[in-house]
Amino acid sequence: MSAMSPVAYVRTAPEPELSAPLLSRGALAWARANLFSSLASSLVTIGLVALALWFVPPLLAWATVNAVWSAPDGALCRAHQDGACWAFIFQKLGYLGYGSYPVAERWRVNLTGAVGAALIVWLLWPGAPRRAVGAWLFFLAFPIAAFFLLRGSPLLGLPTVDTLLWGGVFVTMLTALVGIVFSLPLGVLLALGRRSQLPIVRLASVVYIEFLRGVPFITVLFMANNMLPLFLPAGWEPDRFLRPLVGIALFSAAYLAEEVRGGLQSLPGGQYEAAMSLGLNYSRMMRLVVLPQALVLVIPGLVNNFIGLFKDTTLVSIVGVTDFLAAMDNAFKDALWSGPTILPTGYAFAALFYFVFCYAMSRYSAGMERRLAAGRRR
Amino acid sequence: MSAHIGEGARKGKLRALLARGAAARHLARAPPPVAGIWLGCGLTTSQLNDSRVRGFAYQALLVAAVAALIGFAWRNAVVNMEARGIPLGFGFWNEIAGFNINMSLIDYSALSTYGRAFWVGLLNTLLVAAISIALATPLGFAVGIARLSPNWILAKVAQVYVELMRNTPLLLQLLFWYNAVLKALPGPRQSLDWAGFVLLNNRGLFLPRPLFGEGAWAIPLALALGIAAALGYAAHARRRQELTGVPARVGWVALAAILIPPVVAYFAAGRPVDFSFAKLSGFNLTGGLQLYPEFAALVFGLVTYTAGFIAEIVRAGVQAVSRGQTEAAEAIGLSRGQMMRLVIVPQALRLIIPPLTSQYVNIVKNSSLAVFIGYPDLVLIFAGTVLNQTHAAVQVMAVTMGVYLAISLTIAFALNLFNARYTLKDR
């Protein structure tokens, strides 16, 4: 290594790296791999792009530039038949939200909704403090307070609002909430009953669960509406709005029970044995060891179930309850706002409403599932 | 507590632990609050703590409570029904119904009985459910496989479809198809027309109606023979392949065996099948096979909605087949089609079938949404009109729910048979 050889054929500096060929990097490579990997794939891509070009821009134009955004009545919408009639939605927003609930009293609905939403966030936020307190508030204190707030009570100085006036998004949310607040405790009991050692308890739970899961929701609503008054002593006429709520609570409990049972089954047997070896009796074992773990495991399933329930609340209109969709249907009947674009606009708005809620919930559920699976991943 | 253990905090902690343990033991031993009642009945404490005695007592309580509830409801129902003059038995079953039904698979008129109306409703429900199942399955499989396609845009389109269907209520979709699409179509004079074969207007969908003449029976017979021949050839080819390793083109032969005999029979029997097409006469269409808008909207809504759910089931099933299976199939040189057909799908089916059958049950149950758009299914005819006319709510609802329950349990039973046969057996 004393002197450099006169013939140097070894590089002293590395050659600069060449970039990858154009066809194997960037957008072009991605398109080759994902859009034009074969002849069939290319044809599909071209076909779908053509379809999208034919379909999407007119739809967007219908919903935005061609739409009527503000009008006093349907005349303008009848004149612009190539666009949506959002003015109709804006005009009816109060009715779609609250039904015929008196305008001066709507703050009560808003307050209930805000408290309910806050409690739900408390319960569903991963790692929120003192969830047990939240659960007690949500499943016990909140329903009682909400009842007096919404229904009204002379003692509190709140005028009574007849349930006939309730409607819109408010009723949709309320029915869905009842479907979880009252049916989750019942569902947990049924799930425990189905896994019980006692044969009659097990049989009773199985019969209840399989019966309600085997019949359509509509028939349960019909039953609650037509048969409940017959099964109660004369004079105990249950409220017209209460009957479907009873139906929903009983129906949804059967589905939640199956979900909870899945959680109970997925808990390792060692947890039960450890609880028993500590000398805990059945109720303590369930309350302190098993349920806190099992219920967290089934949160995604419960949320998925709730999505189904939220969609099913649309069916309550068959027994005369004005939920959001029924309120929309009533709004269609306004002669001032008749026109060919009213129906598509209304249904599009309703679809957007349900989609936003259900999609958000399904995202939460999927995220929660990943989070829960993270602990068990090896 | 001796002094060996240590100082300060450690000692305190241990003491607290021991105290808690003692408290827990104490609590566990203490008789429950209800014990007083049972001790009064002459039971000893040891019998009280016997789990069998307790279990028996709890179950007796449950039976008593349920019996009391049923007795209470039953008694009230009898009193209330008598007070309102509602019939108690099933006497109404043979009475004249007096209402018309616009779509019926069996003979029915306003002079038929309530019992007849029940069968009309049940058959209409089964018809819609069967057709929806038959159409939703292939559509769902297609969308599910499209979601896994290497073609990005196809996968995205399938995903958008699935999310849209799964996240909006079925009722909203049905109302949309019925009120906003089918009812908004032009009248019969401006029907949407596909070459005169298929016509669509606000009176429904009109398809060609086949008219069977003399000798038409030969065609289904030929078809049955063709299918039998195809199955026989497939079995033979499989046996031969297992013995010799020589594969056969089963697909093409089977296709020929199924398609050719009916065509030959059609011509041999002197072309006995004719078609009647819908034609405009006056203000309405006559001839052809008319599918009512209610029926068309219900089937279309059920199919597109359920296909979204089936697609997710199919995707999950295919994805659950482990990657090693794909690699093994590639390693032994199977083509992509063979890999799917011989390796992936048989394993995925085991995971797909159970949730798929529960979707079938859902189709049957969801067909009850017919009541919202006026398709005369079991719920609309029986739990609706018949109930309103006879007021026999208890009997009518019991029969209606019993029918749905029977259908659901039958499908569940079939699924259990399938599971018993096809679940993986651990060795």
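This is a predicted model: local features need pLDDT of at least 70, side-chain atom pairs count only at pLDDT 80 or more; totals for chains, interfaces and linings use all residues.
**Stop 1: a loop in chain A**

Select A:R130. It sits in the loop between α5 (106-124) and α6 (131-151) of chain A. Is A:R130 buried or exposed? Count the other C-beta atoms within 10 Å: there are 10, so A:R130 is exposed.

**Stop 2: a helix in chain A**

Next select residues 169-181 of chain A, which form helix α7, and pick out A:L177 within it. Here the count of other C-beta atoms within 10 Å is 24, so A:L177 is buried.

**Stop 3: the domains**

Colour chain A by its domain assignment: domain 1 covers 27-65 and domain 2 covers 86-376. Their C-alpha centres lie 41 Å apart.

Domain 1 of chain B is made of two stretches, 114-207 and 278-422, while domain 2 is 209-276. In chain B the centres of domain 1 and domain 2, taken over C-alpha atoms, are separated by 28 Å.

**Stop 4: the sheet in chain B**

Stay with chain B and show its strands β1, β2, β3 and β8. They form an open sheet in the order β1-β2-β3-β8, and the pairing is antiparallel. Which strands are at the edges? They are β1 (192-194) and β8 (289-291) of chain B, each of which pairs on one side only. From one strand to the next the twist averages 15 degrees.

Zoom in on β1(B) and β2(B). Three bridges hold this antiparallel pair, and B:D193 stands opposite B:L199 in β2(B). The two strands form a hairpin with three residues between them. In that turn, B:A195 has a positive phi of about 55 degrees.

Move on to β2 (residues 198-201) and β3 (residues 204-207) of chain B. They run antiparallel and are joined by three bridges. The hairpin from β2(B) to β3(B) passes through two residues. Across this pair, B:L200 stands opposite B:L205 in β3(B).

The covered face has B:L199 and B:N201; the uncovered face has B:V198 and B:L200.

**Stop 5: two helices in chain B**

Select helix α5 (residues 114-147) and helix α10 (residues 293-320) of chain B. They pack at an angle of about 40 degrees, with their axes 6 Å apart. Angles under 35 degrees would count as roughly parallel and 65 to 115 as roughly perpendicular, so α5(B) and α10(B) are oblique to each other. The crossing of α5(B) past α10(B) is right-handed. Colour the contact by residue class: it has 17 nonpolar, five polar and three charged residues.

**Stop 6: a loop in chain B**

Finish at B:H391, in the loop between α14 (378-390) and α15 (393-422) of chain B. Its phi is near 65 degrees, a positive value in a residue other than glycine. How many other C-beta atoms lie within 10 Å of B:H391? There are 17, so B:H391 is partly exposed.

Note on methods
Residues are numbered from 1 along each chain as its sequence is written. Chains are lettered from A and ligands numbered from 1 in the order in which they are written. Helices (H or I, at least four residues) and strands (E, at least two) are DSSP runs, numbered from the N terminus. A residue is buried if 20 or more other C-beta atoms lie within 10 Å of its own, exposed if 12 or fewer, and partly exposed in between; C-beta atoms are placed from the backbone. Two strands pair if DSSP finds at least two bridges between them. Axes are lines fitted to C-alpha atoms, for helices over the stretch in contact, and angles run from 0 to 180 degrees between N-to-C directions. Domain bounds come from an automatic or database domain assignment. Angles under 35 degrees count as roughly parallel, over 145 as roughly antiparallel, 65 to 115 as roughly perpendicular and the rest as oblique. A crossing is left-handed if the near helix is turned anticlockwise from the far one by less than a right angle, and right-handed if clockwise. Ala, Val, Leu, Ile, Met, Phe, Trp, Tyr, Cys and Pro count as nonpolar, Asp, Glu, Lys and Arg as charged, and the others, Gly among them, as polar.
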